[in-house]
Amino acid sequence: MNNATDFASNRQVKYCAGCGDYAILAALKKTFAALDLDPRHVAVISGIGCSSRTPYYLSTWGFNTIHGRAGAVASGLKIARPDLSVWQMTGDGDCTAIGGNHFIHELRRNVDINIVLFNNQIYGLTKGQYSPTTPQGQVTKTSPYGTIERPFNVGELVLGAKGTFFARTLDKELKLTQELLTASYRHKGTAVLECLTNCVVWNDGAHKNREYLIVHDGDSITIDGEQLIYDSHNKALAQKALAYFDGDKHPMLLGVIYQEQQPTYEESLYQQMQ
């Protein structure tokens, strides 16, 4: 039986003091250990950004690709080596901006990959430019008068691209993060876990001043005065809940928000080849 230290590399972790990425890294190691994964059967692929340093800090197979291309490399690896547990580490800029095209096609193809999307609503590594998830009106290095762009809701983007699993957690919710990483691992297909993380240097407190609602299947929720029983397999309900519980006028939704089972890309490909 492995423990968390078995998944730690000998490299010094160089996130900024207080960065939310520390919590996600710790949750990953604990989850891998709890699942009793063999480090030799795990591959962690990343793009560019603070989140994408993760492969250096794990004692698994790892590869740090170029900006926005982690999905292409991770997909190729999973197709060639379906026996590996493939994890893609990415950020809101790396994944939804320069990597956006790869991201949406990765989702619709449903390759059996676990995508951990660190969302601090800013470009942290390159010093504070606004990203596709930065709230409209926020002043940043590249929007000195406030960004005029409307941000992505990552969950809505996943569902719109035919994604089969979407969950969301908050960096300080350590137990929840481990539960959702486990659910992601057990999902057969592309699983996206959005991790709301804090960037203490360039966007401190981005996720602090809002309320959160952790939802589970069977929970009673109220949307526009209508009481509903939550079912993560109901796509229409998930879309409605993502739009309503957006962290603005209402709490932001956390937990497994949507999941469905569909054939994976590699399964269909190998069947066709045979």
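A cavity here is a set of points, on a 1 Å grid over the protein atoms alone, where a 1.4 Å probe fits but cannot get out. A volume is the space filled by probe spheres set on the points, which are joined across faces, edges and corners. This is a predicted model: local features need pLDDT of at least 70, side-chain atom pairs count only at pLDDT 80 or more, and totals for chains, interfaces and linings use all residues. Residues are numbered from 1 along each chain as its sequence is written, and side-chain values use heavy atoms, without hydrogens and water.

**Cavity**
- The count is 1 cavity of 30 Å³ or more.
- The largest cavity has a volume of about 50 Å³.
- Its lining residues (those with an atom within 4 Å of a point) include Gly-68, Arg-69, Gln-88, Thr-90, His-102 and Glu-106.
- Helix H2 (70-80), strand S3 (85-91), helix H3 (92-98) and helix H4 (100-109) each give two or more residues to this lining. Helices (H or I, at least four residues) and strands (E, at least two) are DSSP runs, numbered from the N terminus.
- H4 gives the most, with 3 residues.
- By class, the cavity lining has 3 nonpolar, 6 polar and 3 charged residues. Ala, Val, Leu, Ile, Met, Phe, Trp, Tyr, Cys and Pro count as nonpolar, Asp, Glu, Lys and Arg as charged, and the others, Gly among them, as polar.

**Strand S3**
- In S3, 7 of 7 residues are buried (under 20% relative accessible area, 1.4 Å probe, protein chains only).
- In a regular strand the side chains alternate between the two faces of the sheet.
- Both faces of S3 are covered, with Ser-85, Trp-87, Met-89 and Gly-91 on one side and Val-86, Gln-88 and Thr-90 on the other.
- S3 runs parallel to strand S1 (residues 42-46), joined by 5 bridges; pairing requires at least two DSSP bridges. Val-42 stands opposite Ser-85.
- S3 also pairs in the parallel sense with strand S4 (residues 114-119), over 5 bridges. Here Trp-87 stands opposite Asn-114.

**Pockets**
- A pocket is an open set with protein on both sides within 12 Å along at least five of seven lines.
- The largest pocket holds about 520 Å³ of space. Of its 22 lining residues, Gln-121, Pro-151, Arg-210, Asp-246 and Met-252 are the closest to its centre.
- Helix H5 (154-160) and strand S6 (191-196) give two or more residues to that lining, which has 9 nonpolar, 7 polar and 6 charged residues.
- The second largest pocket holds about 230 Å³. Of its 16 lining residues, Tyr-15, Cys-16, Cys-50, Gly-124 and Leu-125 lie nearest its centre.
- The lining of the second largest pocket divides into 9 nonpolar, 3 polar and 4 charged residues.

Conventions: Buried < 20%, exposed > 50% of the residue type's maximum accessible area, 1.4 Å probe, protein only.
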